[in-house]
Amino acid sequence: MIPGPVEFDPEVMRALGTKTASHVAPEFITVFGRALKRFREVCLAPSAQPFVVAGSGTLAMELAVANLVEPGERALVVNTGYFSDRMATLLERYGAEVVQAKCAPGEAPDVAEVERVLAGGRFKVMTVTHVDTSTGVLAPVEALVKAAGRQGVLSVVDGVCATAGETFHQEAWGADVYLTASQKAIGVPPGLALLCVSKRAMDAWRSRRTPVRSLYADFAEWLPIMEAYEAGRPAYFATPPVNLVYALEVSLGQILREGMEERFARHRRMAQAFRAGWRALGLKLLPVSEAVTANTLSALYYPEGVDAAVLGRAREQGVVLAGGLHPQLKTRYFRVGHMNVVGPSDVLATVGAVERALSAAGHRSEPGVAVAAAQAELLAAR
Ligand code: PMP
């Protein structure tokens, strides 16, 4: 139950074991083409350009930055934690002039304030982390990307810990780039960087004055490949991760069969049940309010007298949890991921294991109280 890599569906794991075809074999071209179309549907961005490239989420971030920002251009990083820091580092590496709208850990940005900064700033791009995995904060992305759109600024949304788990309507909201990785709510083992890029952002890339500095990250290399696969034609730039693409096609098929709205709603229901359990245990969430709390993971302060050793106790109880990640608070909290195939039984098993682990660490509560609270929430939400 860590915030990625998560548990994967057996059908997806079986697809990984498919005999590896040539990357230009007709059967593989069909699968890759279908995966691209499905990813576009998952982002709810019918006219955007999807990219699927071998690499992790960091590469997806790098593709966005390398292609959309030229040296000397200005970028606003809406910073909610560890992965926003990484975005700022990347932007600086590519020569951008970076301004940051920083939030205290657990806080979400104030949209009016961000828009005020955008208005006077001659920015080319604004970046925002949809769910910051280090704090469990859900940013108000709809309002932020709309504000960027009003100010004529391209918006780049890091959805690594959110895509296919948190509500997101790329085209309706006007987000220019939605980027993610395979190993979280997309439901495929690590190794794929995925991006969906709006027409406006593709045009911005086309009108660059300077070449993209990275060869592997250059849209100029990848766009013909993605277009060819979608059109059912063979193409080669760099060998695609054939088996991961097989798995992706299966997982995206499952996601679309569930339906995006139902999938977002299920993640919300499970998160609410988890939160009922945490409340019953007297645990405090890092995010400052329910409105800015992610549905894909819980970041929880250790209660008085308990430290990271409790994670070992949880493991003994059969549940793997993650430690803290935010540089300022790392040792004071832990994280529970709830993405992809998570269902009611996972909620109850996890909440129960956390209760037993806390009890073994000396944090007592009435036996079963957290499981009962989570169960009540699950029953009420049906
Ligand atoms: N952004 C966010 C929000 C993330 O959670 C992560 C990974 N946890 C990344 C970016 C980087 O992804 P990766 O580790 O796959 O490079």
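Let's start with a sheet: 3 strands form an open one in the order S10-S12-S11, with antiparallel pairing. Its edge strands are S10 (297–301) and S11 (322–323), each of which pairs on one side only. For the terms, helices (H or I, at least four residues) and strands (E, at least two) are DSSP runs numbered from the N terminus, and two strands pair if DSSP finds at least two bridges between them. As a reminder, strands of a sheet pair through backbone hydrogen bonds, either parallel or antiparallel.

Before I go on, a word on the model: it is predicted, so local features need pLDDT of at least 70 and side-chain atom pairs count only at pLDDT 80 or more, while totals for chains, interfaces and linings use all residues. Residues are numbered from 1 along each chain as its sequence is written, and side-chain values use heavy atoms, with hydrogens and water left out.

Back to the sheet. S11 pairs with strand S12, residues 333–337, in the antiparallel sense over 2 bridges.

Now, Gly305 sits in the loop between S10 and helix H12 (309–316). Is that glycine buried or exposed? Gly305 is exposed, with a relative accessible area of 74%. The cut-offs here are under 20% relative accessible area for buried, over 50% for exposed, and partly exposed in between, using a 1.4 Å probe and protein chains only. Gly305 and His363 are 58 residues apart along the chain, yet their C-alpha atoms are separated by 7.6 Å.

Next, please find strand S9, residues 192–197. How many of its residues are buried? The count is 6 of 6. Both faces are covered: Leu192, Leu194 and Cys196 are buried on one side, and Ala193, Leu195 and Val197 on the other. S9 also has antiparallel partners. Strand S1 (residues 49–54) is joined to S9 by 6 bridges, and Pro50 has Cys196 as its bridge partner there. Strand S8 (residues 177–181) is joined to S9 by 5 bridges, again antiparallel, with Val177 bridging to Val197.

A disulfide is a covalent bond between the sulfur atoms of two cysteines. The search criterion is a pair of cysteine sulfur atoms within 2.5 Å, and over the whole structure it finds 0 disulfides. Cys43 is in no disulfide, and its nearest cysteine sulfur, that of Cys196, is 4.1 Å away. Cys43 is also buried, at a relative accessible area of 0%. Cys161 is in no disulfide either; the nearest cysteine sulfur, that of Cys43, is 15 Å away. Cys161 counts as buried too, at 1% relative accessibility.

Arg275 is placed in helix H11, residues 260–280. What is its relative accessible area? The value is 4%, so Arg275 is buried. A polar atom of the Arg275 side chain lies 3.1 Å from the backbone oxygen of Ala294. Not counting residues up to four places away in sequence, Arg275 touches Leu285, Glu290, Thr293, Ala294 and Asn295. Contact here means heavy atoms within 4.5 Å.

Glu107 lies in the loop between strand S3 (97–102) and helix H5 (111–119). Glu107 is partly exposed, with a relative accessible area of 39%. Leaving aside neighbours within four places in sequence, Glu107 contacts Thr80, Val137 and Val288.

Let me finish with the whole protein, which has 14 helices and 12 strands. Its C-alpha atoms fill a box of roughly 65 × 55 × 35 Å along the principal axes. The radius of gyration is 21 Å, which agrees with the value near 21 Å for a compact globule of 382 residues; it is taken over C-alpha atoms, and the globule rule is 2.2 Å times the number of residues to the power 0.38. Buried residues make up 59% of the 382. Finally, among contacts between residues at least 6 apart in sequence, 72% join residues at least 24 apart.

Terms used
A polar contact is a pair of N or O atoms within 3.5 Å; within protein, one must be able to donate a hydrogen and the other to accept it, and residues adjacent in sequence count only if both atoms are side-chain atoms.
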